[in-house]
Structure formats: structure tokens, C-alpha cells
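Dear colleague,

Please find it below, followed by an account of what was found in it.

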Amino acid sequence: MADCVFVVAEFRGGDFRRVSYEVASEGRKIADALGVSLYGIAVGSGVTDKASQLGFYGVDKVFVADDPALESYVAETYVPVIASIIEQADPAAVLLAASVDGKDLSARLAARLEAGLAQDCTEVVCEDGALKAKRPIFAGKCLAWCEWAEDALPMISCRPNVMDCRDADATREAEVEAVAVEIPEARSRATGLELDTSGKVELTEAEIIVSGGRGMKASENFSILEELATELGAAVGASRAAVDAGWRPHSDQVGQTGKVVNPNLYIAVGISGAIQHLAGMGSSKYIVAVNKDPEAPIFTKADYGVVEDLFKFVPAFTEEVRKMKSTC
Amino acid sequence: MNIVVLLKQTPDTESVIRIADDGQSIVTDDLKWIINPYDEFAVEAALRLKEKHGGTVTIVSYGPQRVVESIRTAMAMGADKGVLIDDPALEGADSLGVSRALAAAVKELEPDIVLCGSRAVDYDQAQRGPMVAEWLEWPHLGLAVALDSDGSTVTIERPIEGGKVTLEAELPALVTMGGSHAVWNPRYASLPGIMKAKKKPLEVKTLADLGLDPAECGEEAAKIRIVSLEMPPERQAGRIIDDGLDTEGKAAELVRALHEEAKVI
Ligand SMILES: Cc1cc2nc3c(=O)[nH]c(=O)nc-3n(C[C@H](O)[C@H](O)[C@H](O)COP(=O)(O)OP(=O)(O)OC[C@H]3O[C@@H](n4cnc5c(N)ncnc54)[C@H](O)[C@@H]3O)c2cc1C
Ligand SMILES: Nc1ncnc2c1ncn2[C@@H]1O[C@H](COP(=O)(O)O)[C@@H](O)[C@H]1O
């Protein structure tokens, strides 16, 4: 009989990433449904001091691999360390974050453990002790429900910003157990880590996104979107047309060959709404479109549409947001 | 440098996806097929490595006969040869099974480096590259937006949330490609390239040819499978904010709606 559910936490820049709390919360739900304990795995450099805090989100006990050599995620070192912890128990499931590192780790770990991996899931249910997971495919044009073979170990990576996160319960610290870290001989290494400290919001984890397309006409015009984004605490995204034109970095691209995002609010400015773009942002809770062409396909998906010249409308809108904020 | 690219053929990104009568698969009859965009980036990166170091670029793909067209397209871009794994026993295989077959084909080629996509834009699994590396017991570096090699090591830049990492591996190694069209700007097939591609060697292999038993990588071995598909909730056109208002009026009304109705700002 399985005795636990594992959640693998992600530690960067001295703290766990928020998505790890979402994963822990989801893990708690599954562990409760199965009547087993929830174990955490925390790998990194300097992670020991923070480890007990995973308990605030439902983890009972955390296994910690703390070593300076584990500062940055490298598949070759992380996978054996994490696999050796998981192999000590008989888990009913392993949950991870479908973050950049999490997806890479999940895939290789699944091969190491010969587990069935459902990558980038948006929902997990437990029916009569069996798990079922839902994951978007074709960048969200369709949704797939997955099930595991009876003898399989289910591995689930959870899409950031989708699953509910419990409120932190600071009275509930997790037990912490250090594991002896044996870092295998590796033929790969991280040689540089640059973290952006400007506080810029990451697209895949943003609550609000303001995106610009070809209608922005030039790189410098994005300043009006930056200004609006600052007022809203939003991240700035872009269509492929804007990225291909060199106005925005590739990391801003939203869509089937860019990032798939799911904010509460997505504001598309000067974007027509091509199928590849819609695929990447169609699951946003609310969509606003600003476009001067009333026939633009984006309006068929938008909750609120404004047919206006963006160069007139965006500054006016930013001003109204400012006014609203000053009166609340 | 002996370079291998793992290439998957996927439906065109323009495709409208419909669920088949079995409720578990998609309708493929009227689909147009393309090279998975990230694999096209891999072909481009492979050709650049070849231009720098010499050697060969081999395309390895698992799929039905229609995939030949995509392999030929990669050859027209400049790849030298191809291996198509075509075996019905792999139908219903999961990522573990398919990656085992890909790894077996790669092993026979003894490459210095394998390039593949970070994900295929069909089922968005983002699994097979790292899995192939695990079977080969090679290092892998993921989500490259820049790639360089001096012939004995490979270095990539990998974007992460709120930053970037530089990673390095000794060869042989596997790299999965990230970025976008703007980053890799994959070349088009030239007309002479298309003519030459027709004569380039393409081998078709079965699991048996690769020394694999269907029982260890086919449907029976699958740990996970899709049991049903559903369409996401259809989005409806909402409200156009107009009411004869001027620009400022519309801006104010949009702020009110987002604040009071949607409660998202
Ligand atoms: C393999 C492949 C992958 C792709 N992947 C992606 C992807 O990941 N993401 C993506 O976005 N696209 C992707 N595309 C491209 C996609 O097909 C479209 O070409 C692209 O999304 C168009 O971008 P756009 O809406 O900014 O530009 P356009 O379609 O040119 O639209 C610009 C819009 O701006 C409006 N406009 C112009 N001026 C103003 C103004 N002053 N005020 C208000 N509105 C104005 C116009 O009315 C128009 O609707 C992909 C394509 C392919 C083939
Ligand atoms: N059938 C296949 N044939 C060859 N390569 C594949 C195949 N499936 C996946 N790959 C490779 O693995 C990458 C990731 O695919 P996936 O795990 O399906 O998202 C792709 O970009 C390809 O490089």
C-alpha cells in the first residue's frame, strides 16, 4: 500500500516559488483523499531554513537536500538526488510544478522512475482511490483527461497560477529531515545565473497581462503599455508579430509557439487574434480587446471590446485606472 | 560533428482541432502537417553547428509514412540523411515508450550531439527530449535560446522565470530548443535544396530493427493514457463598450466594468 504523496518544491533566490505552494496545496488534497501523508522534497542551496514553511501549505514532512552544488537546477544532479528520496518510500503520486525547471525535471525524473507523467495539468481528481488529471493540449485548443495503468506511479506537474493555493497557516510547520546528499559525477553544470531583480512580473504567473501586437507599430510605443502595466501591476506580453519585428524579446511572446498564459485579465492591444495567439491566452478569465478594426477576430473572444485607435485609448485608459486607484 | 535532430511532425498551428467519434483522439483527415516549430529550430541550430564544425545532420523521427515529407523538408533545408521509425506496435505508446525507441535509433548513430524540441505543439508533452537523454545516460540542457559548441562541449542560454541561466555540458549531450521564430529564424528550403533532398538517404526501421520488444515500449507498457478529450468552454463575444461615448468616456466605462463587474482590477 502506498504510504504517501510527494510534492517537489522549487527553491530559487532564497525562497520557495509561489507555484510550490500551489503544488503543496494540491498535494494535500490528494493525500487527504487517499488517506496518506504528504511529503515534501526541497532541493537547493540554503533551503534548510525555509523547509518547515512548506508545512504552512499542508506538507507534513520535508526531505531536504541542501548543498552549494545544488544552487542551480541541472537535470543531471537534481534527478538522482530527488529520485533517491522518492525511492525510499512507496508513493501514490508525485507532484511537481510545471515551471520551466519543473517540466524539464519531471520528464527526466519520470524516465528514471519509469513513472507515467501528466505534464502541465490544470486539474486533478481522485475517484475511488484512482487519480485522473486534465491537461490542455494543442496549446489549449483541446483538453485531455489522462489515467494511469494500475501498476504505474502517477507523476503530475501542475500548471502555475491555476490550482487553488491554501492560505498559509503559520502554526503548521512541517517536520524537516536532512538527507545525506550524494551528488553524482556530472558532465553538465550551470555556469551563470542571472536573476532579474527589477520585480518584473513573470508572464506565466501574472494576474494581469497587457499585450501589444503589430498595431503598436514601433518598439518605443510599448512605453504606453509599460505605463499601463505599472498602474495595474501587470506583466507585458506580445504577439509573434511584435516579437518578429524585434520590438519585444522572444520571452514576451504569447501563443502556441510562445508562452501559454492564464491571467485573471488579459488586455490585447493592437492584436488581431490569430488562432495561434488565441491558443496561448484563451483560458484567461477575462479578455479585453482594443483594436481599431471592429472586424478583428479577437473581439469574438473578448469579454469587453473597445473599437478605438490604441494610441488615443491606452493613455486615456491608464489615466482612468489612476483615478480609480486614487479614490479606492 | 555528428549531429542528430529528433523531429516530430505535428498538425499545422492554424489547425482547428476537433474530437473524433471515439472521444479519445482528434480528427486528422483534413489536417495539414508541418515540422513541429521547435524541431525546425533544432534543424536550424544543427545546420549552423555543421557549418561551423563540418559533419552530418541526421533526422530521426517516429511516425507514419506521411512523416517522410517533413523529413524531406528538413533535408531540403540542409540535413543529410534520415531515419524513420515506422512501426504500428508503437501506437498507443506513452512518452516513455516512444522515447525508448528514439533513444535506440540515436544510439546506433553514435552522435556527438542530439537536438530536439522542448515540446511538440500537438500534445504539448515536453517530455521526450529529457527522457531520451536519460535512456542514453547523457547530460541534457533544456530550453536553449542560444547554443554554441567548441566541438567538445556545448553551451546554452536558458530562460527561467525572472532570469536566465547559462549551462554547459560535455559532449555527447542532448539539447532541447526553446525560443521562438524570432530567435532561430529557421531557413527556408531552397529550390536546389528540394531537388537534392529527393536523393538523400532515408532508412525506415521497425522496433525489431532497433532491437526493441513491443512489450517494453508499446501500448501494453504504457503507464499513462488519454481516456477522453473535451473542448474548452467556448468563449462568447462579450460587450463592445460604445454607448456613443468619446474616448475618455469609454476608458472610464471600461475601468468601471473591470473594477465593479469583473472585479479584476
Ligand atoms: C508556426 C506558427 C506559429 C505561430 N505562433 C504564434 C504565437 O505563438 N503567438 C502569436 O501571437 N502568433 C503566432 N503566430 C502568428 C499568427 O499567425 C499571427 O501572424 C500573429 O499572431 C499576428 O500578430 P498581430 O495580431 O500582432 O498582428 P496582426 O494580425 O497584423 O494584427 C494587428 C492588429 O492591430 C490592429 N491595429 C493596427 N493599428 C492599430 C491602432 N492604431 N489602434 C488599434 N488597433 C490597431 C489591426 O486592426 C490588427 O487587428 C504563429 C504563426 C505560425 C505560422
Ligand atoms: N515521434 C517523434 N519523433 C521524433 N521526435 C520526437 C517525436 N515525439 C517527440 N519528439 C521530440 O521530442 C520533443 C518533445 O516532444 P514532446 O515530448 O512530445 O512534447 C519534440 O520537439 C521532438 O524533438
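Predicted model: local features only at pLDDT ≥ 70, side-chain atom pairs only at ≥ 80, totals over all residues.

**Domains**

Chain A has been assigned two domains, with domain 1 covering 4-178 and domain 2 covering 203-327. Their C-alpha centres lie 32 Å apart. The two domains of chain A do touch: 8 residues of domain 1 are in contact with 10 residues of domain 2. Between them about 820 Å² is buried, and carbon and sulfur atoms give 43% of that area. On the domain 1 side, A:A139, A:K141 and A:N161 supply 60% of the area buried against domain 2 of chain A, more than any other three residues.

Chain B is also divided into two domains, namely domain 1 (2-221) and domain 2 (235-265). In chain B the centres of the two domains, taken over C-alpha atoms, are separated by 46 Å.

**Contact between the chains**

The contact between the chains involves 95 residues from chain A and 87 residues from chain B. Together the two chains bury about 7,700 Å², with 56% of it on carbon and sulfur atoms. Within chain B, the residues that lose the most area to chain A are B:E161, B:K223 and B:R235, which together account for 12% of what that side buries.

**The site of ligand 1**

Which chains contribute to the surroundings of ligand 1? Residues from both chain A and chain B surround this ligand, so the site is shared between chains. There are 28 residues around ligand 1, and those that come nearest are A:R214, A:S239, A:T257, A:S272 and A:N291. By class, the shell consists of 15 polar, 7 charged and 6 nonpolar residues.

Several polar distances can be given for ligand 1. An N or O atom in the side chain of A:R214 is 2.6 Å from an oxygen atom of the ligand. For A:N291, a polar side-chain atom lies 2.7 Å from an oxygen atom of ligand 1. At A:G258 the backbone is involved instead, with an N or O atom 3.4 Å from an oxygen atom of ligand 1. On its own, ligand 1 has 990 Å² of accessible area, and the protein covers 82% of it. The elements that give two or more residues to this shell are three helices of chain A: α6 (240-244), α7 (275-281) and α8 (310-327).

**The site of ligand 2**

Around ligand 2 there are 17 residues, of which B:L6, B:D39, B:A120, B:A126 and B:Q127 come nearest. This shell is made up of 8 nonpolar, 5 polar and 4 charged residues.

A polar backbone atom of B:Y62 is 2.9 Å from a nitrogen atom of ligand 2. B:A120 places a polar backbone atom 2.8 Å from an oxygen atom of the ligand, and a polar backbone atom of B:A126 is likewise 2.8 Å from an oxygen atom of ligand 2. How much of ligand 2 does the protein bury? Taken alone, ligand 2 exposes 470 Å², and 99% of that is buried by the protein. Two strands of chain B, β4 (56-62) and β6 (113-117), each supply at least two residues of the shell. The largest share comes from β4 of chain B, with 3 residues.

**Backbone geometry**

Most residues other than glycine have a negative phi, and most peptide bonds are trans. The peptide bond from B:L171 to B:P172 is cis, with omega near 0°. B:P172 is found in the loop between β10 (163-170) and β11 (173-177) of chain B. Further along, B:N185 is a residue other than glycine with a positive phi, near 45°. B:N185 sits in the loop between α5 (181-184) and α6 (191-197) of chain B.

With kind regards

How values were computed
Residues numbered from 1 in each chain as written. Chains lettered and ligands numbered in written order. Heavy atoms only, no water. Domains from an automatic or database assignment. Near = heavy atom within 4 Å. Polar contact = N/O pair within 3.5 Å; in protein donor to acceptor, adjacent residues only side chain to side chain. Areas by Shrake-Rupley, 256 points an atom, 1.4 Å probe, with all protein chains shown as cover. Helix = DSSP H or I, 4+ residues; strand = E, 2+ residues; numbered from the N terminus. Nonpolar A, V, L, I, M, F, W, Y, C, P; charged D, E, K, R; others polar. Contact = heavy atoms within 4.5 Å. Buried area = accessible area lost by both parts, 1.4 Å probe.
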